[in-house]
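Here is a short briefing on one protein structure. Look at the sequence and the model first, then read the points by topic.

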Amino acid sequence: MPNHRSLPGTRALLTAKRGAAAVVLSLFVGFFSAGAPALAESTTPDAGQAVEAADLLATLPVKGRAPKTGYERSLFGPTWADVDQNGCDTRNDILNRDLTDITYVNSVPCKVQSGTLADPYTGTLISFVRGTTTSSAVQIDHVVALSDAWQKGAQQLSTEVRTAFANDPLNLQATDGPTNQQKGDGDAATWLPSNKDFRCEYVARQVSVKARYGLWVTQAEHDAVAGILAGCPGQLAPASVAAAGTATVYYANCAAVYDAGAAPLIAGSPGYRSGLDGDGDGVACEG
């Protein structure tokens, strides 16, 4: 059976190919290749301008949830299509991005046979092994669930744009299978990752995705996201997720930073994030 184990709370490094929260926001320009669908009119700033997630949240319309009537998975295109035409389906693209120590089914570096996931949702390490009874241990979560999107504006999008939404790497995260099932189609008002250290990055990605596709939030969802972001001032809205091969240094807390002898962390340096910078002065774990 796939192996889960807790990540050490006092160790310094969690090396994983996972989302980078502090990146320049360029939500619409240059994301899709030529000929790809045009999205809803952007409410985001010009490309190259960093945007705080809280500011971007303020641009999202706040409306009630539309009926789920008519929702079907097929309305978001084929499951795990090869939308970027790289010869590898989206599920394997995300496994390649988010897992480490990867082996492949054959000599082609596409279909993942095994690997290790540092799951940001649960704060655990999960050993992935492809198989009929084991593959489901690692599933790919839609950060903004497809059904949630359907009820908050995606009904008005074309099938082509909905397919892009369902396969957008920004909106996809490898995670623990049971956790993904537990989340279902919940939004931030009804479900958040158990790993509290990842919640700021998680809701920031939801905000970016909803802005990218012109979706709205409910009042309860808006308030839940705003409450999370209030605890991490300066959290940037991501425009992308770290590509495969990019090692991200992650410290669970300042104790881990001290344990590694890496304190203090300066903004822009490996491992720095606003959640560790209590006074927001650009220097984390300085005590």
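**Briefing: a helix residue, cores and salt bridges**

Arginine 97 lies in helix α2. Helices (H or I, at least four residues) and strands (E, at least two) are DSSP runs, numbered from the N terminus. This is a predicted model: local features need pLDDT of at least 70, side-chain atom pairs count only at pLDDT 80 or more, and totals for chains, interfaces and linings use all residues. Residues are numbered from 1 along each chain as its sequence is written, and side-chain values use heavy atoms, with hydrogens and water left out.

**Arginine 97**

- Arginine 97 is buried, with a relative accessible area of 5%.
- Buried means under 20% relative accessible area, exposed means over 50%, and partly exposed is in between (1.4 Å probe, protein chains only).
- The side chain of arginine 97 makes a polar contact with the side chain of aspartate 98, at 2.7 Å.
- A polar contact is a pair of N or O atoms within 3.5 Å; within protein, one must be able to donate a hydrogen and the other to accept it, and residues adjacent in sequence count only if both atoms are side-chain atoms.

**Nonpolar cores**

- The largest nonpolar core has 22 residues. Tyr202, Val203, Val225 and Leu229 have the most contacts inside it.
- A nonpolar core is a set of buried Ala, Val, Leu, Ile, Met, Phe, Trp, Tyr and Cys residues joined through side-chain atoms within 4.5 Å.
- Helices α1 (53–57), α6 (199–212) and α7 (219–230) each give two or more residues to this core. The largest share, six residues, comes from α6.
- Leucine 229 touches Ala53, Ala54, Leu57, Cys200, Val203 and Gln235, not counting residues up to four places away in sequence. Contact means heavy atoms within 4.5 Å.

**Helix α4**

- Six of the eight residues of helix α4 (residues 159–166) are buried, so this helix is largely enclosed by the rest of the structure.
- The buried residues in α4 are Val161, Arg162, Thr163, Ala164, Phe165 and Ala166.
- They pack against β5 (138–142), α3, β6 (172–176) and α6.

**Salt bridges**

- The structure holds 11 salt bridges. A salt bridge is a side-chain nitrogen of Lys or Arg within 4 Å of a carboxyl oxygen of Asp or Glu.
- Aspartate 148 and arginine 65 meet through their side chains in a salt bridge (3.4 Å, N to O). Aspartate 148 lies in helix α3 (residues 146–150) and arginine 65 in the loop between α1 and α2 (90–98), so the pair ties together parts that are 83 residues apart in sequence.
- Arginine 65 also meets aspartate 187 in a salt bridge (3.0 Å, N to O). Aspartate 187 lies in the loop between α5 (177–183) and α6, 122 residues apart from arginine 65.
- Which of these side chains are buried or partly exposed? Aspartate 148 is buried at 2%, aspartate 187 is buried at 2%, and arginine 65 is partly exposed at 38%.
- Glutamate 221 forms a salt bridge with lysine 210, with the closest N and O atoms 2.8 Å apart. Both residues are buried.
- Arg65, Asp148, Lys152, Asp187, Lys210 and Glu221 are linked in a network of salt bridges.
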